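Please look at the sequence and the structure first.

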Amino acid sequence: MNSPRLAWSLALASLAFVIVDTAIVAVSIGLFSTRSLGLHGWPLVDAAACGSAWLGAVIVAADRRHRIGWMLNVVGAATSLSMVAESFVRWALHEGGPGPDGLAYLVGFVSSLAGGQFALAGLAVTFLLVPDGRLLSRGWRWAASAAVIGYCSFAVGVILVGPKTVSTSEDDLAAGNVVAEVVFAVGILAIVGALLASVVSLGVRLRRSAESERRQVRLVALGAAAVGVAMVTLLSDELVNGGHQTVWSSLLLYAAYLFMLLCIAVAVLRYRLYDVELIISRGLVVAVTAGFAALGYVGLVVVLGRAAGHRTGGFWASLVAMTLVALAFQPLRTAVVRLADRLAYGTRAAPYDALASFSRRIGRSPAPGAVLPAIAAAAGRAVAAERAVVRLEVDAGPDLVEAWPPGATAEAPPARSVPIADEHGPLGSIGLDLPAGRDVRPFEQRMLADIADQAAVAFRNVRLQVELAAQVDQLAEQTRALDASRRRLIDAADTERRRLEAALAREVLPAMTALRTDLAQAPPDVDEATCASYVERATVALEALRELTRGIYPTLLVRSGLAAALTSFAERRGVADVLSIDPQVGSTRYPERVEAVAYFCCLEALAGESAPSRVTVSRDGDDVVLALVGTSIAPLDRLGMGDRVEAAGGELVETGDRLTIRLPGAPAPAERPATPARGAPG
């Protein structure tokens with residue numbers, strides 16, 4: 001018995017039984033009489049029974065093997081059958097209704113077997129299985145067994161009494177049969193005990209359940225507790241009144257039965273107990289469509305018939321009405337589907353609408369500031385998450401991150417992550433923080449997968465936009481760097497010209513001017529010693545001029561290395577006591593660029609008007625380390641020095657009055673000892 005067709009057939013049969021029962025009650029005892037409301041149970045029991053059958057059919061349609069769905073379906077159909085059979089028996093035997101007595105006895109026998117005891121036993125088993133269709137533990141099997149044994153005992157009593165007695169005896173069902181009385185008592189007590197035990201089981205399950213399951217079980221437990229209290233009240237009232245059933249206690253039980261079905265329905269629909277929203281949504285679409293077609297067709301037929309009178313045949317009026325209804329319904333189809341989804345899903349239909357609207361905007365290439373918040377909101381609302389974090393991975397810069405709801409932080413990593421990817425690779429993720437104890441249900445996983453698929457297209461567009469913007473920014477930065485470099489080159493060239501002019505005026509021109517003056521004033525008979533002094537002075541001036549014209553890479557630096565060139569320059573400047581060179585540097589040759597940069601930096605320090613207190617050239621591994629110490633390093637050309645050091649792959653660090661320059665100084669392939677300059681150490 002696992003076909004949804006059978007469940008829907010029982011639901012339709014229950015509806016038919018309720019309609020027939022209403023008609024019989026109306027013609028026999030009156031719809032709103034005391035006997036109808038208090039003893040028979042119309043309309044409370046009819047509504048509860050029909051609702052139970054249809055709710056069970058909906059659950060079975062979602063899961064054909066679900067035990068709770070079948071229990072509700074069978075109990076509802078059996079109760080509806082019992083109600084219409086009871087009405088017929090009373091009408092035929094006591095109110096002068098049609099039908100032979102033998103048929104009434106047989107129908108009364110069926111009514112007793114399918115009546116309240118069967119419903120209470122079925123409800124007890126249902127409460128034990130809520131919400132997942134399984135018992136709380138193996139130890140609760142005794143409660144389900146007690147419900148089954150209690151009903152079987154009651155059925156045995158009905159068989160012992162016989163159809164005629166159960167159909168004609170309203171006050172004493174056993175009719176003096178001692179064995180039947182015992183069997184009835186055992187059965188009723190077992191059913192009541194099982195019902196109360198099932199209520200206790202729901203309480204235990206409620207205490208152990210997590211947040212999402214707690215909300216579901218809480219409503220079912222409330223309805224079950226109402227039925228249990230009403231049943232105890234009814235039995236107590238019968239004991240007080242000598243076994244007679246009063247109107248008020250019966251109404252309380254009937255109302256509790258209906259209230260219990262409403263609680264289960266709310267748990268199923270509001271808290272997604274059995275994932276039946278799609279079935280309800282499509283059922284509502286069919287119902288609204290059928291109602292619209294029926295009302296429209298009938299209304300148009302009446303209007304057209306009255307307008308045309310009897311001159312037009314009924315066939316043409318029906319054809320025109322059917323055509324107009326069909327044409328009018330198509331524009332309303334979207335609105336009808338949206339209405340059905342909202343009625344079935346409630347606010348959870350909004351994420352689908354938002355996702356559909358978002359997918360329509362994908363082709364417009366929206367800005368990242370609009371795409372990420374929309375995806376976060378759609379995913380967060382889809383699963384009722386506490387927080388949703390959308391991350392777009394960007395290769396050319398930091399990842400883009402947005403959080404939902406507004407004001408939520410994105411720093412903490414989410415508990416659950418849904419990847420977003422396309423055929424080219426991963427693009428990002430959707431992170432979700434769900435309420436405590438709640439997990440993503442299967443249909444929510446499908447919805448998140450749809451959101452991720454839709455977001456992948458937008459993410460690819462957004463990533464291209466971000467990467468293009470990053471490349472534009474990078475090109476702009478490179479352009480600015482080139483402009484700055486060009487300006488530095490121009491400034492360096494101007495600075496070098498000014499330095500060369502100042503050096504010529506300071507070192508060469510005074511000597512040449514003095515030499516020219518002395519030669520002009522020298523007598524014709526100059527002795528050899530005086531001529532030798534003139535030659536020496538001219539040679540020194542020429543050497544100084546050669547040194548200046550060679551710039552930062554003099555001949556001595558090419559021929560003898562860094563230590564010799566620096567020692568020679570320091571001696572000429574009279575600052576040899578300031579310069580300290582490690583012997584390892586003096587015995588090693590370095591790449592030309594490294595030697596040129598080191599020579600230029602030391603030259604900047606030693607050639608100024610006031611030299612630093614100490615200039616040290618040492619070796620640290622393969623690196624050359626220059627240390628310029630003293631307050632006189634402040635006016636040094638940091639820009640020119642920094643450019644040359646950076647071009648050689650080194651670093652320049654300034655700490656207080658100390659300037660440290662480290663240059664990568666792997667020795668040149670043709671390493672050879674340098675020839676010491678005159679006066680150099682070693």
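In what order do the four strands of the open antiparallel sheet stand? The order is 2-1-4-3. Strands, like helices, are DSSP runs numbered from the N terminus, with at least two residues (E) for a strand and at least four (H or I) for a helix. Two strands pair if DSSP finds at least two bridges between them. Strand 2 (400–404) and strand 3 are at the edges with a single partner strand each, so one side of each has no neighbour in the sheet. From one strand to the next the twist averages 15°.

The model is predicted, so local features need pLDDT of at least 70 and side-chain atom pairs count only at pLDDT 80 or more, while totals for chains, interfaces and linings use all residues. Residues are numbered from 1 along each chain as its sequence is written, and side-chain values use heavy atoms, with hydrogens and water left out.

The chain holds 22 helices and nine strands. Of its 682 residues, 40% count as buried, where buried means under 20% relative accessible area, exposed over 50%, and partly exposed in between (1.4 Å probe, protein chains only).

A second open sheet has five strands in the order 5-6-7-9-8, with mixed pairing. Its edge strands, strand 5 (579–581) and strand 8 (651–655), each pair on one side only. Here too the twist averages 15° from one strand to the next. Helix 21 (residues 592–606) packs on this sheet and touches strand 6 (614–620), strand 7 (623–629) and strand 9; contact means heavy atoms within 4.5 Å. The direction of helix 21 makes about 5° with that of strand 7, using axes fitted as lines to C-alpha atoms (for helices over the stretch in contact) and angles from 0 to 180 degrees between N-to-C directions.

| Strand pair | Bridges |
|---|---|
| Strand 1 (residues 387–392) and strand 4 (residues 425–433) | six bridges |
| Strand 8 and strand 9 (residues 658–663) | five bridges |

Glu651 stands opposite Arg662 in strand 9.

**Asp422**

Asp422 belongs to strand 3 (residues 416–422). Its side chain makes a polar contact of 3.0 Å with the side chain of Arg460 and reaches the backbone nitrogen of His424 at 3.1 Å. A polar contact is a pair of N or O atoms within 3.5 Å; within protein, one must be able to donate a hydrogen and the other to accept it, and residues adjacent in sequence count only if both atoms are side-chain atoms. Leaving out residues up to four places away in sequence, Asp422 touches Leu427, Ala456 and Arg460.

**The nonpolar cores**

A nonpolar core is a set of buried Ala, Val, Leu, Ile, Met, Phe, Trp, Tyr and Cys residues joined through side-chain atoms within 4.5 Å. The largest has 42 residues, and those with the most contacts inside it are Phe127, Leu195, Leu202, Val220, Tyr257 and Met260. Helices that each supply at least two residues of this core include helix 3 (44–62), helix 7 and helix 9 (178–208). Helix 10 gives the most, with nine residues. Leu195 touches Leu120, Ala124, Phe127, Val227 and Met231, not counting residues up to four places away in sequence. Another core, of 36 residues, lies apart from the largest one and has Val575, Val594, Ile633 and Leu663 among its members.
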